[in-house]
Amino acid sequence: MKQSTILFTLLIFSVYLNAQDSTEVVPKKIYVTKPIENETPPLVDGLLNDEAWNLVEWAGEYVEFQPDENTSPSYQTKFKIIYDNKNLYIGVRCYDAEPDKIVKRLSRRDGFEGDWIEFNIDSYHDKRTAFSFTATVAGVKGDEFVSNNGNDWDGSWNPIWYTKTNVDEEGWTAELRIPLSQLKFGGEENQVWGLQSTRRFFRAEERSLWQRKPIDTPGWVSEFGELHGLKNIEPQKQLEIQPYTVTSGETYEAEEGNPFRDGSENDIAVGLDAKIGVTNDLTLDLTVNPDFGQVEADPSAIALDGFQIFFREQRPFFVENKNIFDFSVSESEAGNTFGFDNVFYSRRIGRSPQGSPDTEDNEFVNQPDNTPIIGAAKFSGKTKNGWALGVLESVTSKRYATISSENGDRRREMVEPLTNYFVGRAQKDFNDRNSYLGVIFTAANRDNLTEELNFLHKSAYTGGVDFKHQWNNRDWYVEGNVILSRVNGSEEAIKNTQESITHLFQRVDANHVALDSTRTSLTGSGGNVQIGKIGNGHWKFETGGTWRSPELELNDLGFQRQADDIRHYTWIGYQTLKPDSTFRRVGINYNHWSAWDFNGNHNSLRFNTNSWQNWENNWFSNFGFNYAPIQYSNFALRGGPRLRQSPEISFWNSIRTDSRKKVRFNVFHRGEKAVDNSYRSYFVEAGVTYQPINAIRISAFPSVRINNDRLQFIDNFDDVNGSPRYLNGEINQRTLSMSFRLNYTINPNLTIQYWGQPFISRGRYSNFKHVTDASAKLFENRFTGYNLDQLSLADDTYSVDEDLNGVEDFSFDNPDFSFVQFRSNLVIRWEYIPGSEIFLVWSQDVSQDGDPSAGLLSSLGDNIFGQKPQNIFLLKATYRFVL
């Protein structure tokens with residue numbers, strides 16, 4: 001430990017010395033554009049032969065950014081920019097001495113395949129946000145909204161703009177027409193915008209920039225050059241309306257006697273999306289009865305630790321501008337140190353109904369799968385003077401389950417109440433855009449909770465403040481946030497929250513929290529603060545802390561795994577800045593973390609070192625090692641005592657071959673092992689991607705997960721004498737899955753995409769035991785095991801006779817499991833005019849419980865092939881009116 005302390009001190013000292021250097025100052029380039037007055041606007045055909053292009057001079061002298069920064073690129077690039085009162089026009093010449101070798105890979109929008117040219121426009125000139133437009137040589141468009149000074153790129157932003165390309169003897173050319181209505185800017189007579197252009201030269205996997213940016217300079221948008229000459233242009237207010245209609249049909253295995261499962265269902269629905277420019281800066285998005293049937297299904301997953309699984313948002317209405325509403329509780333430059341915890345998790349809106357009806361034998365239930373969104377409105381944008389604003393309001397409808405009795409009588413029970421969700425977010429830049437201060441407020445209010453739904457919170461509110469300050473040319477920063485939460489509800493609802501795995505106030509050895517069944521509210525806090533250095537030189541570092549108070553509760557409209565946690569971490573990183581004969585770039589990192597609860601218990605200490613490598617042949621690899629000498633869990637026994645877990649070593653490693661090749665391979669694997677062999681796991685995923693022609697890409701990624709844990713929680717019981725039994729067992733779990741994808745891009749506006757994933761997870765339990773000394777240093781002293789004489793199995797239920805007196809002390813269901821699932825989506829997408837689309841979707845789902853005693857592959861086949869899947873067929877058409 002003494003050697004580690006000396007090493008850490010030396011690293012901090014070297015970082016400090018390195019920080020004394022001054023950041024390299026790169027002169028800003030300026031391009032002066034001119035208006036189209038007496039000339040005809042260019043025809044966007046990719047040929048650059050219009051007279052209007054002669055109004056301005058070429059800009060060029062691109063500088064290589066990757067792999068060898070500040071050197072001459074393989075081939076030069078030049079561009080021109082002109083404008084009229086409605087559009088910005090960009091013409092580009094990309095030189096290439098071997099035009100027959102230019103790579104024209106097709107993809108769906110935002111695919112970024114092959115050779116391309118990109119323009120980033122900071123029309124606010126706030127040095128933090130920008131609009132990105134990319135044109136590939138194959139004519140595929142890419143567009144992203146850039147925020148947080150280049151740390152966030154939102155590909156869900158899909159403006160209406162136009163591009164064409166052409167290959168000739170000098171290389172290739174592109175023309176872009178960007179309507180000013182798709183950009184946001186102020187009303188000044190003379191505008192100054194930030195401007196950057198990037199070219200990808202595919203064959204050398206090279207990036208070159210118009211405005212040079214040193215590798216070690218922090219930020220992206222803040223380093224742009226400038227676009228001058230924009231005079232008397234008027235901000236354009238957006239007004240777009242997009243109605244849709246959906247026709248769907250569903251087939252599935254009919255259930256004999258079940259009136260709700262007769263084998264097929266049909267439906268037709270209509271809805272409306274609208275985008276209204278309240279000002280040039282701020283946009284109001286509306287959706288009425290939205291449909292997300294074209295969204296890909298979530299991948300299969302099983303969690304044995306009891307915590308909820310995070311799934312990314314894929315619905316377009318919530319994805320667009322999500323960066324404005326994001327309020328990650330512990331995100332930092334060093335990485336997210338507390339999982340996916342966030343004050344706003346949009347998947348809470350429209351979730352599956354949380355209630356379930358009380359039924360009797362021989363009753364059938366029609367339980368809805370989701371909660372329809374009646375309507376939603378989102379007001380968001382960034383103003384010229386540095387205000388980022390976001391307001392989201394959504395209402396989800398009541399949902400009822402219908403119950404049918406054997407004689408045909410029917411009744412309804414509410415399983416989800418009418419619920420209002422609100423999110424308000426504001427952030428203000430100041431100090432020449434080097435600092436910001438922000439606030440967030442969220443609210444979830446449920447209407448008229450019935451007795452059956454009294455376990456839900458009546459209301460839930462969260463407020464937070466976040467800040468960031470940068471100095472020394474953004475090399476150094478300090479940032480953080482503070483959040484407060486309050487949930488209100490019945491005594492039952494608040495008791496359920498206290499007993500949930502996020503809190504576990506009923507823990508038997510926790511004297512700083514206690515279950516109070518009379519409470520009707522909980523109030524908690526959380527947040528984080530960190531300081532670090534990310535620019536100017538080889539060295540980077542960050543240190544900080546984060547906390548969750550015991551009563552913090554975010555899960556009504558946010559995402560939170562656990563409360564009652566305080567953490568400190570430090571990260572130090574080294575990166576190369578120039579390529580050599582072996583590597584393009586290399587990074588090496590050191591981390592350590594410690595965690596405590598609010599009772600002062602030291603629950604975790606973990607050390608990590610890792611490295612990533614970009615090889616000269618454009619392969620990528622990384623590896624890392626962890627050592628955790630201290631591990632305790634307040635949650636492993638689900639309300640039982642704090643459990644000591646054995647010291648652990650772990651590793652991970654991945655290798656990815658050159659992504660430019662027609663055939664490319666990926667492999668990732670990781671393993672964990674307790675030093676006393678009480679736990680070990682291993683996961684490997686290996687895949688291949690094959691691109692036989694520019695229009696087709698096929699990939700398959702099979703994976704295997706092995707989990708052997710000699711102390712896997714099963715359940716908590718009281719024996720016949722009322723003594724608690726924290727039942728555990730040894731689990732042998734095997735999980736197989738494979739994601740298969742096929743993308744066929746007929747042209748940039750017509751694509752066919754298929755995704756399918758077979759999945760099986762099987763767990764077998766043995767060596768049952770109950771925990772008797774949860775904090776014992778030796779693993780074998782933490783529990784008392786049951787021998788075969790004390791256990792009997794009948795009708796898939798274990799009976800336990802601890803003292804062998806012939807009287808059952810308690811019983812439990814056989815915990816063995818086998819879950820089999822196959823999900824797939826086939827989507828044909830045609831953007832028949834810009835912004836208007838037709839989707840044809842075929843989704844399949846087979847989900848069944850298999851036989852835990854059967855083999856993995858045979859069980860997978862028996863429960864997928866030969867079974868009648870649930871099929872959903874959907875035809876969705878949208879038309880985008882631009883008014």
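Q: What radius of gyration does the chain have, against that of a compact globule with 883 residues?
A: The model is predicted. For 883 residues, a compact globule would come near 29 Å, and the value for the chain agrees with this. The C-alpha trace spans about 100 × 75 × 50 Å along its principal axes. The radius of gyration of the chain is 30 Å.

Q: What percentage of the residues of the chain count as buried?
A: A residue is buried when its relative accessible area is under 20%. Of the 883 residues, the part that counts as buried is 53%.

Q: How many helices and strands does the chain have?
A: Two strands taken up below are strand 16, residues 264–277, and strand 24, residues 435–446. For the chain, the secondary structure comes to five helices and 47 strands.

Q: Which elements give two or more residues to the nonpolar patch?
A: The patch lies on the surface and consists of Phe430, Leu437, Val439, Val465, Phe467 and Val529, with about 480 Å² of accessible area together. Leu437, one of these residues, is found in strand 24. The elements asked for are strand 24 (435–446) and strand 25 (457–471).

Q: Why does Leu437 count as partly exposed?
A: Partly exposed lies between the limits of under 20% for buried and over 50% for exposed. Leu437 falls in this range because its relative accessible area is 45%.

Q: Which residues form the negative surface patch?
A: One member is Glu265, found in strand 16. Glu265 is partly exposed, with a relative accessible area of 37%. The patch is formed by Asp262, Glu265, Asp267 and Asp369.

Notes. Residues numbered from 1 in each chain as written. Predicted model: local features only at pLDDT ≥ 70, side-chain atom pairs only at ≥ 80, totals over all residues. Heavy atoms only, no water. Patch = residues over 30% accessible without salt bridge, like charges linked within 9 Å, V, L, I, M, F, W, Y side chains within 5 Å. Areas by Shrake-Rupley, 256 points an atom, 1.4 Å probe, with all protein chains shown as cover. Salt bridge = Lys/Arg side-chain N within 4 Å of Asp/Glu carboxyl O. Helix = DSSP H or I, 4+ residues; strand = E, 2+ residues; numbered from the N terminus. Buried < 20%, exposed > 50% of the residue type's maximum accessible area, 1.4 Å probe, protein only. Lys, Arg positive; Asp, Glu negative; His and termini not counted. Charge placed at Lys NZ, Arg CZ, Asp CG, Glu CD. Rg over C-alpha atoms; globule rule 2.2 N^0.38 Å.
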